[in-house]
Amino acid sequence: MGLVRKQAPQQPEELTAEKPSVDTLLQQLDDPDPECRREAALGLEGVADAVPALLTRVTVETETRVRDAVLTTLSAHDTETVAGGLAVHLASDDAALRTAVAEALATMPRSVPALMPNLLAAPDHDVRVMTAMVLADLAHPDAQVWLTRMIAEDPHPNVVTAAIDALLPGATAEHAPVLEAAVLRFPDDPFLRFTVQAALPRLTGTA
């Protein structure tokens, strides 16, 4: 009698949870449970219709992990609508929100450049300081150009110092003159002077 290969018992199919609908996720953005709101924000990735609700969530969210999830989903869109909706928070009294928004804008190289004329001319110098923070990490070929312009032209020493800090990691010898000029523009600012004097030897090759 021939041998018959015994079939291995079939494994039960693994059940996967069905993804909630967009409408459900939008409703969950207002759920009392922060983890539910966080998962909803992440679940709305790539849903353009969810942008208005997510921008509204940024203004009212108090849980850092939820806000970070909302900003992650929003910044992935990288549109002028999202960038403009986030940039208004650079003037927020909430320092954590300002920083989180600046970090999100720094990941949006396609849309942030359109905001630069208004950000560079913002009446609130704190907004211009945050703009330097955005430019520090913005992967755009003109980021150094904008920072150099801030160093050369901005009237507030805190903005100039922030722009110098943002520029220095990628600065070269060609930036030395504008840095030296900044020291002359603000001779009474010891921190700005120290920052430039500490960097110049490396930039000019005299360290």
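Modeller: Two residues are in contact when they have heavy atoms within 4.5 Å. The model is a predicted one. By that criterion, Ala 176, Leu 179, Glu 180, Ala 182 and Val 183 of helix H11 meet Leu 192, Arg 193, Val 196, Leu 200, Leu 203 and Thr 204 of helix H12. H11 covers residues 176-185 and H12 covers residues 190-204. Their axes lie 10 Å apart, at an angle of about 160 degrees. Angles over 145 degrees count as roughly antiparallel, and H11 and H12 are therefore roughly antiparallel to each other. Their crossing is left-handed. On spacing within such a face, an α-helix has 3.6 residues a turn, so residues three or four places apart point the same way.

Ile 151 is one of the residues with the most contacts inside the largest nonpolar core, which has 66 residues. In soluble globular proteins, nonpolar side chains tend to be buried together.

H10 leads on to helix H8. The cover over the buried residues of H8 includes H10, together with helix H6 (95-105), helix H7 (116-120) and helix H9 (143-153). H8 spans residues 125-137, and its buried residues are Val 127, Arg 128, Met 130, Thr 131, Ala 132, Val 134 and Leu 135. At its N-terminal end, H8 is capped by Asp 124, which has a side-chain oxygen 2.9 Å from the backbone nitrogen of Asp 126.

Two further charged residues deserve a note. Arg 37, in helix H2 (residues 34-43), counts as buried because its relative accessibility is 8%. Beyond its neighbours within four places in sequence, its contacts include Asp 30, Asp 31, Glu 61 and Glu 63. Asp 78 sits in the loop between helix H4 (64-75) and helix H5 (80-87). Asp 78 has a positive phi, near 50 degrees, whereas most residues other than glycine have a negative phi. Asp 78 also counts as buried, at 8% relative accessibility.

Methods
Residues numbered from 1 in each chain as written. Predicted model: local features only at pLDDT ≥ 70, side-chain atom pairs only at ≥ 80, totals over all residues. Heavy atoms only, no water. Core = buried A, V, L, I, M, F, W, Y, C linked by side-chain atoms within 4.5 Å. Buried < 20%, exposed > 50% of the residue type's maximum accessible area, 1.4 Å probe, protein only. Helix = DSSP H or I, 4+ residues; strand = E, 2+ residues; numbered from the N terminus. Polar contact = N/O pair within 3.5 Å; in protein donor to acceptor, adjacent residues only side chain to side chain. Axes fitted to C-alpha atoms, helices over the stretch in contact; angles between N-to-C directions. Parallel < 35°, antiparallel > 145°, perpendicular 65-115°, else oblique. Left-handed = near helix turned anticlockwise from the far one by under 90°.
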